[in-house]
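Please keep the sequence and the model in view while reading.

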Amino acid sequence: MRIGVFDSGIGGLTVLKELIKYHKNQEYIYFGDTQNLPYGVKSKEELFDIVCKVIDFLISEDVKIIFIACGTVSSTIYQELRQKYKIPIVNIIDTTIAEIRRNKITDLAVLATPATIGSHIFKNKLNDINVMEISCSQFVPIIEDKVDKKFKKIYIEQYLKEVKKERIKDIVLGCTHYPLLEDDIKAYLGEVNCYNMGTVLARSTYLKPDKEDLKVYFSHKYDGLDIKVNNILERKIDIIEKQI
């Protein structure tokens, strides 16, 4: 099956990596919209217009299903996208919420972009447990090298001090970029359980085996991007620049 996966930048590669790990024999087409990142600070109207262009491109590549490897898109405009398109579109959040319920978590911290936190999707869908919502607006810029990495430790302490104070041990990485900071988050918080939404999604999805192929597109190819992509996917990838 030809599968489309997209995000605002390199974050969605953490989802792609997990999909490939659990479902090797598939044709994957990844689109990282580096030209328009970060998604997490955009209005719903602006985000919808941008994402429709991404989805239109993936459809032109003849994908049969699309995985939204982005917490922001999944939490803010997913229903609107489902109404607009006939192609199956899967969001990154629902399977994580189901996993939290299965594990009977009672206290949870959700780290996400301002848009995802503003939607209160985790708090609303998990309204019978204690959910601490934390907007981490600078994490994506740090990961994408838009903010000097010397500030990384400062922002981690700023965003997570209440989590540490309350000793919350179950953490949702509510943006697909955030697994790239998981080691730093655990170094600050200590022994915690981090939910990687890409891992949960990949484990929860059935895909019928098919032939194997991988294409990786980015809307803006900047210096050092190929190194990041190769490091995340742990393989050499020829990146294709494609403006939409």
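The crossing of α1 and α11 is right-handed, a crossing being left-handed if the near helix is turned anticlockwise from the far one by less than a right angle, and right-handed if clockwise. This is a predicted model, in which local features need pLDDT of at least 70 and side-chain atom pairs count only at pLDDT 80 or more, while totals for chains, interfaces and linings use all residues. Residues are numbered from 1 along each chain as its sequence is written, and side-chain values use heavy atoms, with hydrogens and water left out. Helices (H or I, at least four residues) and strands (E, at least two) are DSSP runs, numbered from the N terminus.

Two packed helices are described by the angle between their axes and the distance between the axes. Here an axis is a line fitted to C-alpha atoms, for helices over the stretch in contact, and angles run from 0 to 180 degrees between N-to-C directions. For helix α1 (residues 13-22) and helix α11 (residues 197-204), the axes come within 8 Å and cross at roughly 30°. That angle makes α1 roughly parallel to α11; angles under 35 degrees count as roughly parallel, over 145 as roughly antiparallel, 65 to 115 as roughly perpendicular and the rest as oblique. On the α1 side, V15, E18, L19 and Y22 meet G198, T199, L201, A202 and R203 of α11, where contact means heavy atoms within 4.5 Å. By class, this contact of α1 with α11 has five nonpolar, two polar and two charged residues. In this scheme Ala, Val, Leu, Ile, Met, Phe, Trp, Tyr, Cys and Pro count as nonpolar, Asp, Glu, Lys and Arg as charged, and the others, Gly among them, as polar.

Helix α11 also packs with helix α5 (residues 94-102): their axes come within 9 Å and cross at roughly 85°. α5 and α11 are therefore roughly perpendicular to each other. T95, T96, E99 and R102 in α5 meet M197, V200, L201, R203 and S204 in α11. The residues of this contact of α5 with α11 divide into three nonpolar, three polar and three charged.

Another pair is helix α9 (residues 152-166) and helix α10 (residues 182-189), whose axes are 10 Å apart at an angle of about 55°. α9 and α10 are therefore oblique to each other, and their crossing is right-handed. From α9 the contact takes in K152, I156, E157, L160, K161, V163 and K164, and from α10 D184, I185, Y188 and L189. Six nonpolar, no polar and five charged residues make up the contact of α9 with α10.

Next come two loop residues. S8 lies in the loop between β1 (2-7) and α1. With a relative accessible area of 4%, S8 is buried (buried means under 20% relative accessible area, exposed over 50%, partly exposed in between, with a 1.4 Å probe and protein chains only). Apart from neighbours within four places in sequence, S8 is in contact with G32, D33, T34, L37, Y39 and H177.

T113 lies in the loop between β5 (107-112) and α6 (114-119), and at 5% relative accessibility T113 counts as buried. Beyond neighbours within four places in sequence, T113 is in contact with G40, T72, S135, C175 and Y178.

How many disulfides are there? The count comes to zero, a disulfide being a pair of cysteine sulfur atoms within 2.5 Å. The sulfur of C175 is 6.5 Å from the closest cysteine sulfur, in C70, too far for a bond. C70 counts as buried at 3% relative accessibility, and C175 counts as buried at 6%.
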